[in-house]
Amino acid sequence: MTCTYYYNNNKLKVKSIRNLKIMRPDDANIVGNVHGGTILKMIEEAGCIIGTRHCNSQTGDRCVAALARVERTDFLHPMFIGEVAHVSAEITYTSKNSVEVQVNVLSENIVTGAKKLTNKATLWYVPLSLQNVAKIIEVPPIEYSSPEQEEAGKKRYEAQKLERIETKERNGEIIMSISLPEPYTVAFSQSSLIHLVGPSDCTLYGFVHGGVTMKLMDEVAGIVAARHCKTNIVTASVDAINFHRKIKKGCVITVSGRMTFTSNKSMEIEVFVDADPLVEAEKGKYRAVTAFFTYISLDKENKPLPVPPLKLEGEEEQKRFEEGKARYLQNKAKRLTDKERQQ
């Protein structure tokens, strides 16, 4: 790992970090595509490292940076077994109690030397005191290259804060199982995974790594997509991932996914993570994380295949489909706008 430092108020602080990792068979699916969850886990690890280092660059309570949210993440190019992932992270904005980290992932073919940008992600962390994990401490400010850069960061902060509030309002939903469903319906492909949170899943302070949670979410979303298409599927993008509450060691988590929308060549899967504290059972089960994953179907040459249309049953599924269609069109328009700006 390499680090870049800068001085602020005569104190040495971390500006950016870079990690390298070679992709192995355990990191990929049966045809050699690296799992989206593996990449998300690497992204979160880099964000956690730089966030924790920055927040401990001041005197006072020692702390750990806890993942609060991941903005929409696009998977621009596939990564394969044998390639080297270059993961770089940089702090781009700080508020009083949160840190914005932007992460880029490059894949390198170590035989030819060719590199491709595979992912760009934005993550938000909050620093939790090691003496009292319920206490959020203040974040040391960073220096900005211009007032405009600081103002742009502030706008991103306010926008994600508003969306987190809106997301919390719909956290009461659950995914109900239905026996013998018809193919291509929501019930046919919906899936759940149950996982006991062990020490290897957690930070030194007993809370689950955000990357571990995201990897499990991607696995469930991938199962939903594969059941619907019966083909090779890969993660195309992940909309904002909201971490509403911390998950402690010893909890049983249920990761549930359901299809919400299909276009001609993509499908959207909504994923919930519910945590059930076994030791503190009186606290009850709670919704910890929510997100939308987008997958595409590929043939043997890794070219996109048409996605079977989703058969809707009932007004609630129709409503979720229309909401998914709105997100799809919004994201499509944003991609076109970004492409025009780059030209």
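A residue is called buried when its relative accessible area is under 20%, exposed when over 50%, and partly exposed in between, using a 1.4 Å probe and protein chains only. The structure is a predicted model, in which local features need pLDDT of at least 70, side-chain atom pairs count only at pLDDT 80 or more, and totals for chains, interfaces and linings use all residues. Residues are numbered from 1 along each chain as its sequence is written, and side-chain values use heavy atoms, with hydrogens and water left out.

The UniProt annotation "active site", from an unreviewed entry, covers Asn-29 and Asp-218. Such annotations may be inferred rather than shown by experiment. The two residues are spread over 190 residues of sequence, yet they cluster in space, with a largest C-alpha distance of 12.2 Å. Asn-29 lies in the loop between β2 (11-22) and α1. Helices (H or I, at least four residues) and strands (E, at least two) are DSSP runs, numbered from the N terminus. Asn-29 counts as buried, because its relative accessibility is 18%. Beyond neighbours within four places in sequence, Asn-29 contacts (heavy atoms within 4.5 Å) His-35, Asn-232, Ile-233 and Val-234. Asp-218 sits in helix α4. Asp-218 is buried too, at 4% relative accessible area. Its contacts, not counting residues up to four places away in sequence, are His-35, Gly-36, Gly-37, Thr-235, Phe-293 and Tyr-295.

Strand β11 (residues 251-262) has 12 of its 12 residues buried, so the strand is largely enclosed by the rest of the structure. Strands pair if DSSP finds at least two bridges between them. β11 pairs with strand β8 (residues 191-196) in the antiparallel sense, over six bridges. One of these joins Ser-191 to Gly-257 of β11. β11 also runs antiparallel to strand β12 (residues 267-277), joined by 11 bridges. Here Arg-258 has Glu-270 of β12 as its bridge partner. β11 and β12 form a hairpin, with four residues between them.

A pocket is an open set of points on a 1 Å grid over the protein atoms alone, where a 1.4 Å probe fits, with protein on both sides within 12 Å along at least five of seven lines; lining residues have an atom within 4 Å of a point. The second largest pocket is lined by 34 residues, with Leu-67, Ala-68, Val-126, Arg-164 and Phe-243 nearest its centre. Elements giving two or more residues to this lining are α1 (36-55), β3 (63-70), β7 (115-129), α2 (147-168) and α4 (210-229). α2 gives the most, with six residues.
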